[in-house]
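Thanks for coming, everyone. Let me walk you through a structure that is new to you. Have a look at it first.

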Amino acid sequence: MTRDVVIVGGGIAGLSAAWRLRHRDVLLLEAGDRLGGRMRSDPCGDYWLNYGAHLFPAPGTLVDRITHELGLETVPVTGGMMGLAVDGTILDGGRVESYPFRLPLSVRERVAFAKAGVKVQLAVRRYHAAPNRYEFENDRTFADFLGPLPPKVHEIFACAAHRATGELDELAAGAGIGLFALVWAGKGSLIARNLRGGTGMLPAAIGRELGERARVDSRVDAVREDGDVLVVSVGGEEIRARQVIMAANAPYAAPLVAAVAEQAADALSRLTYGAFLSVAIETNETTAMPYDGVYAVATPGRVFDMFTNQAHALRVGPRRPGGSLMLFAGAQRAAALMRESDAVIAERFLADLHAMYPQTRGAIANATVRRWELGNVYASPGRGALQPALEGALGAHENLHLAGDYFAELGTMEAAAQTGLAAAERVESRIREAITHV
Ligand SMILES: Cc1cc2nc3c(=O)[nH]c(=O)nc-3n(C[C@H](O)[C@H](O)[C@H](O)COP(=O)(O)OP(=O)(O)OC[C@H]3O[C@@H](n4cnc5c(N)ncnc54)[C@H](O)[C@@H]3O)c2cc1C
């Protein structure tokens, strides 16, 4: 038996491809014990605990459309998303342009911070107008673009870069500028909303619809050609497919596609990923908290880079007891810290949380650590040159298609889903062509 299409990887890239092709003979194979990849959450009483991606894109996007097709609801994040905490000062409102003047900085630091901020703002305008995002500011690092900064200001920008899982001297300037474009894009942005019930509801709902056509605990070990068909090996079983969509993370996808598309394998192996370390916290306070109206605060100088209030969507009407927070660290320090035990990581994150918001002392019910070795993908200098090898139908019979967030200069759910849809559209037109010829 030869299937129409096999999809490797059950993150949102693979799932959006499977959703588009659900009327076909499709089989999705996921290595892990659940679908969703970096989209993961658990219900927790009135709330939910979020461990990975949390901000959904605005109405009109593909992810938003799929979410609605499955009867799920996203809600806008209304609280501050651009908070910044430096030493004891937490700024969670007002214009970002005013931050250099409101933070505990010396005159020299204020001037350097304001100048770098203006430089990034001007570059964000160029980014939006750029005809080719892969080539935009892709020949130098974000550190080179920013120039020398006083240590405290450097720490603030490094904290922002950690959201992309890179250090300032690892990210391409274009990726660093793109990160600010994403964060400053406001309500129409790719990171503007929360899924009621938690991010994991979306992959779970797609999985329910796919039923037996989505298999977990199924790690693909190899893909090879056999005439004009591809043979996918999974745990000793060989599955024949007319088309394959490879939606595994680039470092895993590289060896799998090497026998069919050598140049693509080489390009995949050169893509750069960084780590994320997240701690999801269930709180049990009975009164209001100072962060009830806040969504996210960047925290330079702390063990985590971002504080997020995952209960934000439920802070309408009477204040319910309890809450849900997610703290996360990115890039090299996160990669080093994730080697410690869960207990050590949780203790260090909680100590800094209490220092930031003393009201959280005695209000912690649970803290769950989640390690993401491949937390996110980011463009480093030279990334643009890799793009042609990744695009379109690959292999001698043009039956291999790549999908994943690594097509973007910075990974997001929407970027990943769009690549899954593009691959699925190519597969769909080939299946139609084949039917017409018969
Ligand atoms: C802490 C954190 C916060 C984030 N915040 C946001 C956010 O707020 N908004 C946003 O838009 N994005 C966010 N992201 C990024 C977002 O999660 C990703 O860009 C997106 O989910 C990637 O989807 P993907 O399908 O490309 O990859 P993945 O979700 O990584 O899926 C790839 C899948 O392939 C599977 N796989 C690998 N090898 C094999 C194999 N050999 N056989 C079978 N299966 C295999 C993996 O197990 C995995 O499930 C965040 C990520 C993290 C970790």
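Start with Ala346. At 11% relative accessibility, Ala346 counts as buried, because buried means under 20% relative accessible area, with exposed over 50% and partly exposed in between (1.4 Å probe, protein chains only). Keep in mind that this is a predicted model: local features need pLDDT of at least 70, side-chain atom pairs count only at pLDDT 80 or more, and totals for chains, interfaces and linings use all residues. Residues are numbered from 1 along each chain as its sequence is written, and side-chain values use heavy atoms, with hydrogens and water left out.

Where does Ala346 sit? Ala346 is found in helix H12, residues 342-356. Helices here are DSSP runs (H or I, at least four residues), numbered from the N terminus. Which residues does Ala346 touch, leaving aside neighbours within four places in sequence? Ala367 and Val369 are in contact with Ala346, contact meaning heavy atoms within 4.5 Å. Asn366 lies 20 residues from Ala346 in sequence, and 9.6 Å away in space, C-alpha to C-alpha.

Next, a helix pair. The axes of H1 (residues 12-20) and H8 (residues 201-210) come within 11 Å and cross at roughly 40°. Axes are lines fitted to C-alpha atoms, for helices over the stretch in contact, and angles run from 0 to 180 degrees between N-to-C directions. H1 brings Ile12, Leu15, Ala18 and Trp19 to the contact; H8 brings Leu202, Pro203, Ile206, Glu209 and Leu210.

Last, cysteines. Cys44 is buried at 12% relative accessibility, and Cys159 is buried at 3%. The structure holds zero disulfides, a disulfide being a pair of cysteine sulfur atoms within 2.5 Å.

Notes:
Helices (H or I, at least four residues) and strands (E, at least two) are DSSP runs, numbered from the N terminus.
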